[in-house]
Amino acid sequence: MTVNEFVDEISSISLPNVFNPYRDTCAFSDHPASPVLRQQNLALFLKAVLKGTARSIWVGRDLGYRGGRRTGIALTDEFHLDVLKNTFGVFGIVKTTVDDKPTKERTATEVWKLLCQIKEPVFLWNAFPFHPFEPSGPLSNRRHTVQEFESCRHFLITIFDWLQPTTIIALGSDAESAVMSVGYPCRRVRHPSYGGQGDFEREIRNIYQIPCC
């Protein structure tokens, strides 16, 4: 499967109470071209990583409504798009929403604080590559279901097949379960949300031997 085929297929998925940023348009923050721009963001990111030397992958659970739902890039909010472009040497990635100021997400902030200190490229992905939300409100976060993961597990497998990573970091137990279910070993760290920032930072520093500031 090529990157363009991958993006085409991921853009075709439609599930109840799930926002697919590569297909769907958010009534609160998008313009008509937003899904296509997020497709382009993802394709540029994938192509840049596949041309490089990334052998580490960090896997989150699902896209958050303040992060990847808006950017199309896992564990990355609008505030850190320029950092991502400079880190990977990939240009053309753009902000896709109508809001004047870039939105920040707590998880993305903690992730990129450490990525900027790691002396190697790290690819970012999610076990479930979309944003699942509560039926009561589209701007909410929930855990994806087993059935939702099963409908998309082949995307995770494809990413691993492409990169053949030597290090897979799972952010939290749900991400760990997903990675192990497709036959890859991983190291679980505490997810940086819900008070886990300190543990997450300490564990990542230990794995990558990053000295404390």
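**Close-up 1. Strand E2 and the lining of the largest pocket.** In this predicted model, E2 hands over 3 residues to the lining of the largest pocket, the most of any element. Helices H5 and H8 join E2 as the elements that put two or more residues into that lining. The pocket holds about 530 Å³ of space. In total, 22 residues line it, and those nearest its centre are Thr 107, Asn 141, His 191, Ser 193 and Tyr 194. Sorted by type, the lining comes out as 10 polar, 7 charged and 5 nonpolar residues.

**Close-up 2. Thr 107 up close.** Here we zoom in on one of the residues nearest the centre of the largest pocket. Thr 107 belongs to helix H5, which runs over residues 106-115. With a relative accessible area of 10%, Thr 107 falls under the 20% cut-off, so it counts as buried. Setting aside neighbours within four places in sequence, Thr 107 touches Leu 75, His 191, Pro 192 and Ser 193. Two of these contacts, His 191 and Ser 193, turn up again beside Thr 107 in the list of residues nearest the pocket centre.

**Close-up 3. Trp 58 meets Phe 200.** The structure has 10 aromatic pairs, and this view picks out one of them. The ring centres of Trp 58 and Phe 200 are 6.1 Å apart and their planes stand at 90 degrees, so this is an edge-to-face pair. Trp 58 comes from strand E2 (residues 56-62) and Phe 200 from helix H9 (residues 197-208), so the pair ties together parts 142 residues apart in sequence. Both partners are buried.

**Close-up 4. Phe 160 and Tyr 184, a tilted pair.** These two rings sit 4.6 Å apart, centre to centre, with 45 degrees between their planes. Again distant parts of the chain are linked: Phe 160 is in helix H7 (residues 153-163), while Tyr 184 is in the loop between helix H8 (173-181) and strand E6 (187-189), 24 residues away. Phe 160 is buried at 0% relative accessibility, and Tyr 184 also counts as buried, at 18%.

**Close-up 5. An aromatic cluster.** Phe 6, Phe 45, Phe 88, Phe 123, Trp 125, Phe 155 and Trp 162 come together as one aromatic cluster.

**Close-up 6. Charges over rings.** Arg 69 places its charged end over the ring of Phe 19, 3.8 Å from the ring centre. Lys 104 does likewise with Phe 79: the charged end of Lys 104 sits over that ring, 4.4 Å from its centre.

Notes. Residues are numbered from 1 along each chain as its sequence is written. This is a predicted model: local features need pLDDT of at least 70, side-chain atom pairs count only at pLDDT 80 or more; totals for chains, interfaces and linings use all residues. Side-chain values use heavy atoms; hydrogens and water are left out. Helices (H or I, at least four residues) and strands (E, at least two) are DSSP runs, numbered from the N terminus. Buried means under 20% relative accessible area, exposed over 50%, partly exposed in between (1.4 Å probe, protein chains only). Contact means heavy atoms within 4.5 Å. Rings of Phe, Tyr and Trp (its six-membered ring) pair if their centres lie within 6.5 Å; planes under 30 degrees apart count as stacked, over 60 as edge-to-face and the rest as tilted. A charge sits over a ring if NZ of Lys or CZ of Arg is within 6 Å of the ring centre and within 35 degrees of the ring normal. On a 1 Å grid over the protein atoms alone, a cavity is a set of points where a 1.4 Å probe fits but cannot get out, and a pocket is an open set with protein on both sides within 12 Å along at least five of seven lines; lining residues have an atom within 4 Å of a point. Grid points are joined across faces, edges and corners, and a volume is the space filled by probe spheres set on the points. Ala, Val, Leu, Ile, Met, Phe, Trp, Tyr, Cys and Pro count as nonpolar, Asp, Glu, Lys and Arg as charged, and the others, Gly among them, as polar.
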